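Dear colleague,

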Amino acid sequence: MIKFNINDTEVEVEPGCTVLEAARQYGIEIPTLCYHESVAPSGACRLCMVELKDGNWSKLVASCIYPAAEGINIYTETERVHNVRKWLFEMLLSKCPGSNEIKEMASKYGVTSTQFPIENTDEKCMLCGLCTRVCEEVVGLSAISIVDRGVHKKIGSPFLVPSDVCVACGCCVTICPTGAMSARIDAVRRTPDVTLTPLAL
Amino acid sequence: MNEISKTGVFLCKCGKKIEPLVDLPALEKKLTAESNIIYCETLPYPCLTPGLNHIISKIRENNLNRLVIAGCEGRLMLKKFEKALISEGFNKGQIDVVNLRDHVANVSDITPEEKSDKGAKLIKAAVAEMEVFTPCDQETVNMDAPPVIVGGGIASFSAAKELSRQGIDSLLSLEETDTDSILNNVCKFFPGERPNYSRLEKLIKEVKNSSHVTIIPKSKLSKVSGITGIYSLSFTVDNEPDIQKYEASTIITCIDRELSAPEKKFGYDGATVLCQTDFEDIVWNKLIPKGNTVFWINDYESDQGKFAQLSARSAWVTGKHMMEKSQDSKVVILYNEQMPLPLSAQERALSRKLGLSLISYDKSIKPVLQTDYINFGTVNDRLEHELPWDRIILSPVHKTDKKTIETGRILGLVYAENDFLNTDHVRVRPEMIGHKETYFAGSAFYPCNLETALSQGRKAGRKNGELVKKAQGGKLFPPRFVSFIDPDKCVSCGQCQALCDCNAISIADGDGAISPRIVDPMLCTGGGTCAAACPYQAITIKNNTNEQRETRAASLSNQMADDEFVTFACSWSALPAADNAGVRNLKYDHKGHIIGVPCVGLIDASVMAKAFVEGAPGVLIVGCVPEDCHHSFGVDHAWSRINLMKKLFSLCGFERQRIAFAHSDLNRPEEFANTMGSFSKTVASLGPIENTPENKAKLKSIYRLVKYNSRIRLLLSAGLRRPWETTYKGDQEYTLAYDREDFTEALKEELIKARLEEIFVTEKRSFNIKELKETLSEDSLIEQLDELDLEGVITHSYKEGIPFYTLCN
């Protein structure tokens, strides 16, 4: 068993746990967006940042992928953490202003507006890739992926045409933390082909 | 594996998503009081590492062998639990996830106490199902026999070579074994491939000399039976009266379709207006013709635009050969502007050097043939030009030929009119993806040239080799949820085979009329409409039986209040819609309790009847939108079964509206919420079915009828939509007449019989006819009693000249 501190309270977990898992086990709340229990964590959204303090020295780590270690001191509600959360929410609000989920979460943490320019007021996707991970890890397919690079990055099927690989299970829609996938799945799933003819004798 | 079930229940707090909304301590208390729940505990997050470790320790402590986790979406979470607990001996089916968050906590405004009640009902029903569930042993697929390659397509050779490279023995059926004849025939399937013949010749020789390949010469496939791993194939061999039989583990089918000559409307005459396939033979084997040769790539004009590039490529190869070898030959390739020319920069440069012209024509002005000249309009200016010709070479026509259809029929493949051979459309398991490339190669399956056909063959060989090696290592497992046909109960009626959309059911061996059907577990998708359709209850879905569903529905119905109802939700449409409704915090009526099913097509009418017997005032079944069903026509089949229930309800004097069908789409949770609301109103307006002995007896007779009456079950199955039917039966002529005169009449007769039988079974004494008539308020019963007597259900004896009927022992 590993013993360490979260917010000066001692917690105890099995080896192999992450800081986030330990915090959740003890009912300590850390906001997350790109984290889902059914898939491996990826640390994409950085919303789960916590502060790791060691004497005078401290650093910010993403709790969903930071492994719990003996004797570390984790703080989830320090000024540095609050600051980074605020900026992250502002960036998210500018990138995906159409998402009610993000709006609600941001206002819960006291962020209601953004200083960054808003490009597309309807955009909901924050490109965390949770949908592509669930497709690969849970469904066992890779019907959707992150297409293109850099600022052109988007989520979709290869070549952005309805895919034969997609089985239309809807896992991506259910798992999407910002409600963006429901507008995209119709461009990915394909109606099953039912015009079959038996071979005549 | 058949030990007594010991079920543990773990409730999830899910941070603040479940805990404050549902009274979890009360729920835990209720569940702990249940005798069939060995252990119950609330955890902050059962799905995270600490939670999983805790569950494992509790499993060991209490020797649990079934698990129900009440948390969020089973669709997402189940795999993680299955993966984590497989080391504890938990197989697929032994863990169930009840969606407490999205089906209970998030979707209604009732109090936490009421929500804990609703949660308890759902969990208890899941536990009841676990109690009757007997996990089947994990089977493995044996592949001791060699793979066989049939069809005789050119890809056979690359598949055989790949298999022998992997050190796997294979059987290769060939109609033509002489290398030169094979090479000469290639142009009938793949024109313009002459430059590659030397390499092809090498490949063929290599395969012929390989010690791993056993060639069945001059053979033609005549019959296939068996399932993956143990196929038995019959071949007819030229000049031999006897049929040769071979055993095989897998079948790789390589078929190329033979190209045919173009239609007369393009001027085809076989002399001066030729087809590429004829012309190639002349150019390479005879003299290169002098004068003007025009290759007209007329694929777009003959409605096969997707083959234009293949035709253009082969035309270019032949044209290039002519220009290189003969000074007196002039070649022009005339092609439709819609088509990108499949030539590289070097090849274009070579064309210029040789003087081979490539001319594109305007797609709206069709080229016209006249004596010595062909007219066409150039792109952009649409000016008509004339080209002189001595011979016109047209593109070959790609059509599924008779031989291909014949082989396809033997293998049970299907095809869309004038299109490629296909297996099926069901794509419900990830394992099904890549299925084609393991077993099929050749131009009968995809548009391809020689190179692609050979590489497909290689791929099929490689994937098949992997499969065989996996099986030989004992690591090839069929899926857990597949149909199984009990050969002792099967009467060979063939209904299941006709209804199966995954080509998984075949005749075990011999004559179809007497031989039982058999399921190939590697092909079965577990859609289960076959099990619900079997008139004789011979089919069960392994690890997901009808009994399990009946028990779950019964348990839920038992606990329900008078205005609540059971909702069966298809896991491809309604269940995700319900999950998404929860994720989006949509509020809807809480009175419907959701049970997820893999496809609504597997809900036997007996499950619906059972729910009513156990006191449900209503049953709602929510499936996919028609034509969107993942199992072809599970939706249509469910419709027919619901219709049967409605008819029976009418006959018994119950309201037909108590059972309803709805359609849902996973991306429209708001519609699902409306469905639940509307049906809840219907149920509320109807009230419960009055709990009188008469009504109970009627409902029990309905259950008896739909479950055990083979005549009705057969009539129902025969009317179900077949996988190949493009239109629903309901559209067809005479259907109403059939429904009214045959089906409904038969139902009336059989219902009376079922009610009589129910009386005998419950009362356990003898009756005279007068008593029976009064109980059922029927005028005439003698025919029905005689029939029951003949069937051996009841027997009669005389007391003072009056017949008295009793149940047979």
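Two residues are taken to be in contact if their C-beta atoms, placed from the backbone, lie within 7 Å. By this criterion, eight residues of domain 2 of chain B are in contact with 13 residues of domain 3 of chain B. On the side of domain 2 of chain B that touches domain 3 of chain B, there are four nonpolar, two polar and two charged residues. In this classification Ala, Val, Leu, Ile, Met, Phe, Trp, Tyr, Cys and Pro are nonpolar, Asp, Glu, Lys and Arg are charged, and the others, Gly among them, are polar.

The model is predicted: local features need pLDDT of at least 70 and side-chain atom pairs count only at pLDDT 80 or more, while totals for chains, interfaces and linings use all residues. Residues are numbered from 1 along each chain as its sequence is written, and chains are lettered from A and ligands numbered from 1 in the order in which they are written.

Domains of chain B

The domain bounds come from an automatic or database domain assignment. For chain B this assignment gives domain 1 (1-135), domain 2 (148-258 + 400-472), domain 3 (264-394), domain 4 (483-541), domain 5 (545-708) and domain 6 (751-809). The C-alpha centres of domain 2 and domain 3 of chain B are 33 Å apart.

A five-stranded sheet in chain B

Helices (H or I, at least four residues) and strands (E, at least two) are DSSP runs, numbered from the N terminus; two strands pair if DSSP finds at least two bridges between them. Chain B holds an open sheet of five strands with parallel pairing, in the order E12-E19-E13-E14-E15. Its edge strands, each pairing on one side only, are E12 (273-275) and E15 (357-361). Neighbouring strands of this sheet are turned by 25° against each other on average, direction ignored.

Strand E14 (residues 329-336) of chain B runs parallel to E15(B) and is joined to it by five bridges; here Val332(B) stands opposite Ser357(B). Helix H10 (residues 308-325) of chain B packs on the sheet, where it touches E13 (291-297), E14 and E19, and its direction makes about 170° with that of E14(B). Helix H9 (residues 276-285) of chain B lies across E12 and E19 (391-394), at about 95° to E12(B). For these angles, axes are lines fitted to C-alpha atoms, for helices over the stretch in contact, and angles run from 0 to 180 degrees between N-to-C directions.

Strand E11 of chain B

A residue is buried if 20 or more other C-beta atoms lie within 10 Å of its own, exposed if 12 or fewer, and partly exposed in between, with C-beta atoms placed from the backbone. Strand E11 (residues 251-254) of chain B is covered on both faces: Ile251(B) and Thr253(B) on one side, and Ile252(B) and Cys254(B) on the other, are all buried. Three bridges join E11(B) to the parallel strand E5 (residues 148-150) of chain B, with Ile149(B) opposite Ile252(B). E11(B) also pairs in the parallel sense with E22 (residues 440-441) of chain B over two bridges, and Thr253(B) has Phe440(B) as its bridge partner there.

Chain A

Chain A has five helices and eight strands. Of its 201 residues, 41% count as buried. The assignment gives domain 1 (2-77) and domain 2 (130-187), whose centres, taken over C-alpha atoms, are separated by 28 Å. Seven residues of domain 1 of chain A are in contact with seven residues of domain 2 of chain A.

Yours sincerely
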